[in-house]
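This report looks at sheets, helices, rings and a ligand site.

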Amino acid sequence: MDKFVIKGGGRLTGQVLISGAKNAALPIMAAALLTEGKSTILGVPDLADIRAMGELLGDLGAAVTPRDDGRLEISVEDETHSHARYDRVRKMRASICVLGALLSKRGKARVAMPGGCAIGSRPVNLHLRGLRAMGAEIELDGGDIVATAKRLKGAEIFLGGPFGSTVLGTANVMMAATLAKGTTVIESAACEPEIADLANYLNAAGARISGAGTPHLIVDGVDSLRGIEHRIIPDRIEAGTFMIVAAMSNGEVTLSNVRLDHMLAVADKLRQIGVTVDSDNGKVVVSSARRLEPTDMTTQPYPGFPTDLQAQLVALLTLADGNSAITEKIFPDRFMHVAELLRMGADIRKEGPTAIVTGVKRLVGAPVMASDLRASAALVLAGCIARGSTTISRVYHIDRGYEHIEVKLRSLGADIQRVSEDD
Ligand code: EPU
């Protein structure tokens, strides 16, 4: 196991190239199960979760071949094995999005029921409700979801849940609907850019989906889909993470391969805090030269402020000039970073799903523990600006979702090293 050793303090300046979006690439890889022939996916980040999805697709009969420069080729060669086993699903919850594709293409799927994880309880009842509405028979057997359907039928489906829309639930039902008989209408669909990217991939492959990126999605079923070439959208969460570290270090960072139109809530919040965010020739320049203003923020489904940047924003606000209130509305228990930031001198009080953050003059380095992907990212950012040395153990959490984060941070001037836990 690796750890990061960070000597904090310096201003971060320079350019950083943002990778393709993990959360777009994962469902698109699953969607390749729906197609005949070879799909070539471009801009796929080199991440542990992507490799895990590749292995799962391998179990399900697909040949998955990574090439240089983020090019991934996928072609389904054998449709006899449709079982996503618990040892795979346990490690990566996005495995659940093979369910809709397998069921629609092969008429059957057996997918281990995902459990909770470090960010809280993560039910899949809405996924199952959507698939049942299309005629799937679904039962639980030995911890697996066992779904069968001769051919799914189009239906009107409301996918809203207690916390709003569901991203992977929308992906699952949309994938299933592409090969169903007739028209499916999904109301309260997730509007995330990753869902629109999935719809773009499927439409290029021959699907007939309209309204992707809005809460009202219409899918006219077709008989087959073909393999195609598709480029993954830039990762808005990775981009937001680098924007935040630029602000925390009072630095100036230029991001390329970035879609600011996917990040308006983030840019707006950073500007309220006093950070300069400029768009320049397809690039985004983020700089900050003064104390940061405190703010209030509540996470929301897209286009609101993303839960996947909440931890990083909390890290930033530990340095603001006053009190901020950050409320987590998507995953109310997603505050694993708070206890670790306290070890670094932050002043944060938890009240239910809200963190009250009182700015301090500086954070100080400490040994801390990575717990989940985004909480760990927040600790890396804190380590980069803290006085002294921070050691972050269990960085495999970070490797699940950030491509070479230490290499990118070093290119901006951070002093961060990856070392083996044994050293
Ligand atoms: N929910 C239900 N029932 C369901 C599904 C979800 O009640 O059947 C609830 C969840 O408990 C949660 C809310 O609905 O309160 C939203 O969850 P959602 O289904 O949208 O989450 P997800 O699709 O499982 C994706 C991302 C997460 C990201 C969330 C929210 C991928 C692979 N994962 O998860 O990303 O936090 O959407 O935007 O796309 C990450 O990258 O670090 C990460 C956790």
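How many aromatic pairs does a search of the whole structure find? The count is 0. The model searched here is a predicted one. One ring does have a charged group over its face: Arg90 lies over Tyr86, at 6.0 Å from the ring centre.

**The ligand site**

The ligand is surrounded by 24 residues. The closest are Asn125, Leu126, Thr166, Asp308 and Ile330.

| Residue | Protein atom | Ligand atom | Distance |
|---|---|---|---|
| Asn125 | polar side-chain atom | nitrogen | 2.7 Å |
| Thr166 | polar side-chain atom | oxygen | 2.6 Å |
| Val167 | polar backbone atom | oxygen | 2.8 Å |

Val167 uses a polar backbone atom, 2.8 Å from a ligand oxygen.

**The sheet β2-β17-β19-β18**

This sheet is open and has 4 strands, in the order β2-β17-β19-β18. Its pairing is mixed. Strands β2 (13-17) and β18 (276-280) form the edges, and each pairs on one side only. From one strand to the next, the twist averages 20 degrees.

Strand β18 runs antiparallel to β19 (residues 283-287), and 5 bridges join them. Within this pair, Thr276 stands opposite Ser287 in β19. Helix α8 (residues 236-248) lies across β2, β17 (252-256), β18 and β19. The helix runs at about 165 degrees to β17.

**The sheet β20-β21-β23-β22**

A sheet with the strand order β20-β21-β23-β22 is also open, with 4 strands and mixed pairing.

Strands β21 (residues 323-327) and β23 (residues 354-358) are joined by 5 bridges and run antiparallel. Ala325 stands opposite Ile356 in β23. Helix α10 (residues 310-317) lies across β20, β21, β22 and β23. Its direction is at about 170 degrees to β21.

Methods. Residues are numbered from 1 along each chain as its sequence is written. This is a predicted model: local features need pLDDT of at least 70, side-chain atom pairs count only at pLDDT 80 or more; totals for chains, interfaces and linings use all residues. Side-chain values use heavy atoms; hydrogens and water are left out. Two strands pair if DSSP finds at least two bridges between them. Helices (H or I, at least four residues) and strands (E, at least two) are DSSP runs, numbered from the N terminus. Contact means heavy atoms within 4.5 Å. Axes are lines fitted to C-alpha atoms, for helices over the stretch in contact, and angles run from 0 to 180 degrees between N-to-C directions. Rings of Phe, Tyr and Trp (its six-membered ring) pair if their centres lie within 6.5 Å; planes under 30 degrees apart count as stacked, over 60 as edge-to-face and the rest as tilted. A charge sits over a ring if NZ of Lys or CZ of Arg is within 6 Å of the ring centre and within 35 degrees of the ring normal. A residue is near a molecule or strand if one of its heavy atoms lies within 4 Å of it. A polar contact is a pair of N or O atoms within 3.5 Å; within protein, one must be able to donate a hydrogen and the other to accept it, and residues adjacent in sequence count only if both atoms are side-chain atoms.
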